[in-house]
Amino acid sequence: MTGAANVTMNSTPLPGRTPRVASSMWRRRTAVVGLLGLAFIVMVAIAASWIAPHPPGQTDLSNVLAPPVWAGGDAANLLGTDGLGRDVLSRVIYGARSSVLISASAMLIGGTLGLITGLIAGFFGGIVDTVIMRLGDIQLALPFILIAIVILGMLPERRPHHLILVLGVPAWIVYARVVRSRVLTERESDYVQAATTLGASGFRRIFRYILPQVWGVLPAIALVDLSNLVVMESTLSFLGFGLSAPDVSWGQILADGRGSMAMAPWLSIIPGLAIMFTVLSINLAVESPGLETRRRLWRLPSRRATRPAGDTHPSMKPAGSAALEQPEDVLLSVRDLAVDFQAHRDSPAVHAVRGVDLDVRRGQIVGIVGESGSGKSVTAYAISRLLAPTARIARGSVHFDGTELTEMPERRMRRIRGRRIGMIFQNPTGSLNPVLTVGFQMVEAIRSNRPMGRKQARALAADALRDVGFGNPEDVLRRHPFRLSGGQNQRVMIAMTMVVEPELLLADEPTTALDVTTQAQVLDQLRRVRDEHGVSVVIISHDIGLIGEIADEVVVMYAGRVCESGPAEQVLLDPQHPYTKALLSSVPTPEVIAAGNLEGIPGDLPDASAIIPGCPFAARCPAVMDVCHIAVPALLPVPAGQTVACHLYTTEAEVLQR
Amino acid sequence: MTTTGPTSTTPLVELHEVRKHYRVRSGLSRRPVIVQAVNGVDLAIDAGEILGLVGESGCGKSTLSRTLVQLETLDAGEIRFKGESIDVARTDDLRRHIQIVFQDPYSSLPAHMSVRQIIAEPLLIHRLLRGAELDQKVDDLLVNVGLGPDFAARKPGQLSGGQRQRVGIARALALDPDLLIADEAVSALDVSVQAQILNLLRRLKRDLGLTMLFVSHDIGVVRYISDRIAVMYLGEIVELASAADVYETPAHPYTRALMDAVPSIEHRGRPRIEVRGDPPDPKDPPSGCRFHPRCPMAQDVCRTEKPALREWWPGRQVACHFADECLAKSGAALGGSDRVPDGVHS
């Protein structure tokens, strides 16, 4: 059993997780086997005239139906002979040549035709698209094998090119469909539109912009098509519509053996095995990782990941964290939390969170603010243990109401999530099921957490919707999520989360997808939920104004670390950390505009996979000192009232502590 | 650069009664519904100015900017460029003069090309430069947008969001356009990077005399960069004035609400201007003034009579029956009436 955790040395097997890391390794290995098999067949085909012991058509009527060597035959005909005394091994070797040539050529013809028609249909659309695709539909509705037999049967002599055309031309539609749908999406994408605005002609847009993006899907389809063609060619030959003598293909050998199946079963089995081996090799090769669209490493955290037991690095704890005391009313306490992402065993680990300390008191709204790459969302996902399978909690602890969450079994964690810790995500429509009514989903959510009847649950749901500002909750309950606007859906999500009465609400960019006027209403609801139910809220946003308006406590994150935290007024009106200061002077607020220029922060985030020995902001900091590059500043209280992780304050703060 | 600009009296670009309606099929119903994305917009962009266009999602601001680069065709109305009406036949010629920077720095650059190829594309398409001259021009553009020639060999995948957006700007500047449209060009960027790009655009305006249409949902950003601001709501322009006037003393209730909804630490515990509900469906816009169902100042006349966008004060156009009252409220909220222009009660 393997999982995301197996990227570490001392991983502990954990049940119920997708072994994706291992599966990608496994896929690579099977693909190598497939590609080696294919290479072998192609080599045999090329070298046929040198390695075959006899010419394929050489008959020897004195030695018909000789058994293969393991059934008592002699070494001159290793795989025996057929009804005309021809050497089966030689014929199988030459057959590889015909089979590979016919299938590969047919594939190229079908692929080329399909690519061209798909590009034309997708790019021009309209009537051109309709005509091309309907022709394809008609062709698919016709029985291919019957038509192929009629055509081939009319020919007095069947040569390889006849079979290539009969097999290859009809294959276009398979490629055309895929190419067309890719072109349809690419055509509307920004970079093609940008090319249009530059004045690029249609021809240029197709070949210089769209084609290089569409290429990638073809090899996988071509390989699937190839295995299909190998079988198809053999089928036609077996039915007696394959190559005419003296040409030989596997299907031909199979057909020759048909008559003497009882006396000489090897005549059918040997070419059958050759076909099977080819098709199997091709299908294994399709698994090649290069043939699939690459998955992004960071996106869509959807599944849980726990920290392997005993995998802590106490030595790496910043000095200050041990000193922080836990008062009575602290509901959530995070200490030195670190999260790594790693897609493959051999790829570099991305240190998304590099040691975060965080305290949330009961009834408090804590805002985590930071730019992309700061690790703010990953922190929330790590708290609720909803990390992507490629992520793992590298070290640190998450105490929720006295319980350690990082080492909790998934089954118990599931009971805490939803009931005691509610989550609201950025995209509300993605979190609701579009085909079920709001009422159905809310009733299900309530009843899975609290034992009660359907009617009672529905009444509770209606009350919850009224609480988040819906004037007519009964109407909303009857609707499907897609009939509601983004702001309405987000309020439904809040109601759904709140009706279970969690103690902690984690809201990850809950209003980022909404307009400001709608956002204002959602913020009002969040505040009411806290005021009326005493819920603790962790709200995560890139919007400093939003955090400033709603949060009691603010945590500023940069490159996976906390730079500054404390009461909102303190941190945002009298910032001490150079990053907080720079961030605040980058936002065009009335005050900043009145003061003149936006500052901005020169440079970029440090590489997320690098080990940073010092302060992560050092490279962009206007007040940087030598010590900043070599030592991580501890998060310590400063005289102004907040805690700051900056060497400008280190000595001062240390003096204060004594 | 834009030395052959129009005379001072003719705006660089004029929009007259521009209209764009989409026919969409929603759900299972057979009959297409009309979405009035842009509904009769009059707008003039003067040479050398940055005009900000602000509004919430679905207000038609992106559609409007896309009609200017002819990614959308007009249903009605007229676009004039340097006093001449834009004709579909002249599309390619016009494309040299109007360029656009897109919102998403990731999807708007072709991933398979190098930065040099991307920036050279417009010059190759229009057969303007080649060989060493082309390379030199690309290097110059890279320097101009703050990247430098070392970036030429890289692929977009090796760049950060801010660097990609700089490449997008360099590509748009390659043809020395008269008008640069920035369609939410900084919205996908982090604030620290956003500030860098805004300052870059300001510098380019100053150095190159660029005219710019800056489209954004973020009124703070628009205020920072624009000379004038047009506010859009449901396909129509509701207010148009100097950036300082719109930002400091809005005269349309929607502009006031938009400003007031921007969260900030100063807003803690302060009651907001009451704007109820979500923006109405553009498939079925309200009668009269399109903002009346959400407007805190709505009267009976607003439900029946549509206010025209007219010049209430010099250089200040508002589409509201009660613009003077609204302006007075804004002035009062500012803590004094000294900022309210003269002739409020005219």
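How many residues lie between E9(A) and E10(A) in their hairpin, and which residue in the turn has a positive phi? Hold that thought; the answer comes in a few minutes.

First, some ground rules. This is a predicted model: local features need pLDDT of at least 70, side-chain atom pairs count only at pLDDT 80 or more, and totals for chains, interfaces and linings use all residues. Residues are numbered from 1 along each chain as its sequence is written, while chains are lettered from A and ligands numbered from 1 in the order in which they are written.

Now the two chains. Chain A has 25 helices and 12 strands. Chain B has 11 helices and 12 strands. Helices here are DSSP runs of H or I with at least four residues, strands are runs of E with at least two, and both are numbered from the N terminus.

How much is buried? In chain A, 47% of the 658 residues. In chain B, 50% of the 346 residues. Buried means that 20 or more other C-beta atoms lie within 10 Å of a residue's own; exposed means 12 or fewer, partly exposed is in between, and the C-beta atoms are placed from the backbone.

Next, contacts. Two residues are in contact if their C-beta atoms, placed from the backbone, lie within 7 Å. Take the contacts in chain A between residues at least 6 apart in sequence: 67% of them join residues at least 24 apart. For chain B, counted between residues at least 6 apart, 65% join residues at least 24 apart.

On to the core. The largest nonpolar core has 279 residues. A nonpolar core is a set of buried Ala, Val, Leu, Ile, Met, Phe, Trp, Tyr and Cys residues joined through C-beta atoms within 7 Å. Among the residues with the most contacts inside it are Val339(A), Ala461(A), Phe214(B) and Val231(B). Its largest share, 13 residues, comes from helix H3 of chain A, residues 88–124. Look at Ala461(A). Leaving out residues up to four places away in sequence, Ala461(A) touches Gly439(A), Met442(A), Val443(A), Ile446(A), Leu477(A) and Val499(A).

Where do the chains meet? 49 residues of chain A are in contact with 45 residues of chain B. Several helices of chain A each supply at least two residues of that side, including H9 (202–214), H19 (486–498) and H20 (516–533). The largest share, 7 residues, comes from H8(A). The chain A side divides into 20 nonpolar, 20 polar and 9 charged residues. In that count, Ala, Val, Leu, Ile, Met, Phe, Trp, Tyr, Cys and Pro are nonpolar, Asp, Glu, Lys and Arg are charged, and the others, Gly among them, are polar.

Back to the opening question. E9(A) and E10(A) form a hairpin with 2 residues between them, and Ala559(A) in the turn has a positive phi of about 50 degrees. The two strands pair in the antiparallel sense over 6 bridges; two strands pair if DSSP finds at least two bridges between them. Tyr558(A) stands opposite Arg561(A) in E10(A). E9(A) also pairs with strand E3 of chain A, residues 365–369, in the parallel sense over 4 bridges. There, Val366(A) stands opposite Glu553(A).

Over to chain B. Here 8 strands form an open sheet with mixed pairing, in the order E6-E7-E8-E3-E9-E10-E12-E11. The edge strands are E6 (98–101) and E11 (310–313) of chain B, each pairing on one side only. E3 and E9 of chain B pair in the parallel sense over 4 bridges. Val54(B) stands opposite Val231(B) in E9(B).

Now a covered helix. H9 of chain B, residues 253–261, has 9 of its 9 residues buried. Those residues pack against H20 of chain A, together with several elements of chain B, among them H7 (219–225) and H11 (323–333).

Arg385(A) is not a glycine, yet has a positive phi of about 55 degrees. Arg385(A) is buried, because 22 other C-beta atoms lie within 10 Å. Lys82(B) is not a glycine either, and has a positive phi of about 50 degrees. Lys82(B) has 17 other C-beta atoms within 10 Å, so it counts as partly exposed.
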